[in-house]
Amino acid sequence: MSFFKTLFQKQEKPITSYVDFWNWFQQHEKKFYNVLRKGGDVQSVFFRKLAEKLDELKDGFWYTAGMFSDDVAELVITPDGAIENIVFVEELVAAAPMLKRWKFTALKPALNIENVSIRMGDYKFSSIELSFYPIDHAEYPDEIDIVIVYDNFREEDKNLIVNGTYLFLDNYLGELNSVTTIDNIRVASKAEATEELIPILKLKDFLIWREKEFVEKYKGIRHNTIEDNFISLEATLENDLPLFAIVNSDLLTWDRKASHPWVSIVKIAYDGTDNQGLPNEKAYDLLNAIEEEILKELKDAEGYLNIGRQTADSLREIYFACVDFRLPSKVLHRLKEKYKDKLEIQFVIFKDKYWQTFNRFRTS
């Protein structure tokens, strides 16, 4: 009897959309709620099943859950610091249904400083143990470079202390602000400090001020590339294979780079090559077609500047500087899925206000 029950048991519908996911969640929400509220095997009853369904939808979804209040459970969906996945987390939660017993949150929310206290191993991370100071760069005035000072810093436990500090910042600032407003961050000991220490509770106000100043300075700045000049560059890799690049030389010398602070790099591995690792005619046409698809959606007038491309050793890289990370994330993910049976496409998005990533292409 159990054999036939298993054989004819209704198979769950594959999760291919936000609607699919939330329909599945609603079918099981009572069970998930009860295991969180009453206690039990949360891992097997809830988290393991949740992870499987999120992975079906898209990779890069992480989560945490608990009781928000006596009667309401909270599920927090997080990209775990991955810029490329923030927009998908936001969209998933925006599509969530209204459920009486549940609160759904996109990214770890900001908490009041008095409520933030993290323990990792023998270390505690709170407003008592942490302070900070900014580093100013005359050459890069808009860069937000922060040193976080931990009172009981020990070099032998550096990795644990750094991780604990980052976790504290995620909870204090909120995950979105933590990963998007600070350009560079370093954790140090008191002995390494080179400036006067500022209480960590003032960091949030400092970042709000700097971000407001930055937005006002660069709001609405766009660059039309129609009449820009492009240059061709050649080099030789360490394995003696040739490298060819085409870059927008006018953009590389533009004095308003920080208005487009997000760098997107698309990496396309191709199979059709000549004996020097360069694309043959068929591969070349496909690579160009893909690039044209990207350019149709990421337009310079809307804040997405094509810096150029590099081709070498069976890999093409395409470079953009962007006003935002959300649209590039969606466009490039969609492209990656579209061509996954033909080419391996990967992409990264990160903040680089002064486009230092492209310094190697500058000829002067």
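Predicted model: local features only at pLDDT ≥ 70, side-chain atom pairs only at ≥ 80, totals over all residues.
## Basis

Residues are numbered from 1 along each chain as its sequence is written, and side-chain values use heavy atoms, leaving out hydrogens and water. Local features need pLDDT of at least 70 and side-chain atom pairs count only at pLDDT 80 or more, while totals for chains, interfaces and linings use all residues.

## Overall make-up

The protein has 10 helices and 15 strands. These are DSSP runs numbered from the N terminus: helices are H or I with at least four residues, strands E with at least two. The C-alpha trace spans about 65 × 65 × 40 Å along its principal axes.

Of the 364 residues, 46% are buried (under 20% relative accessible area, 1.4 Å probe, protein chains only). Contact means heavy atoms within 4.5 Å. Among contacts between residues at least 6 apart in sequence, 69% join residues at least 24 apart.

## Nonpolar cores

A nonpolar core is a set of buried Ala, Val, Leu, Ile, Met, Phe, Trp, Tyr and Cys residues joined through side-chain atoms within 4.5 Å. The largest one holds 52 residues; Phe 21, Phe 25, Phe 46, Trp 102, Phe 104 and Ile 294 touch the most other members. Helix H2 (residues 18-38) gives this core its largest share, 8 residues.

Phe 25 touches Phe 32, Phe 46, Leu 75, Leu 99, Trp 102 and Phe 104, leaving aside residues up to four places away in sequence. A second, separate core has 24 residues, including Leu 169, Tyr 172, Ile 200 and Phe 206.

## H2 against H4

Helix H4 (residues 86-94) crosses H2 at roughly 55°, and the axes come within 9 Å. Axes are lines fitted to C-alpha atoms, for helices over the stretch in contact; angles run from 0 to 180 degrees between N-to-C directions.

Tyr 18, Phe 21 and Trp 22 of H2 make the contact with Phe 88, Glu 91, Leu 92 and Val 93 of H4. By class, that is 6 nonpolar, no polar and 1 charged residues. Ala, Val, Leu, Ile, Met, Phe, Trp, Tyr, Cys and Pro count as nonpolar, Asp, Glu, Lys and Arg as charged, and the others, Gly among them, as polar.

## H5 against H7

Helices H5 (residues 158-173) and H7 (residues 203-218) pack at about 70°, with axes 11 Å apart. They are therefore roughly perpendicular.

Leu 169, Tyr 172 and Leu 173 in H5 meet Leu 203, Lys 204 and Leu 207 in H7. This contact has 5 nonpolar, no polar and 1 charged residues.

Key. Parallel < 35°, antiparallel > 145°, perpendicular 65-115°, else oblique. Buried < 20%, exposed > 50% of the residue type's maximum accessible area, 1.4 Å probe, protein only.
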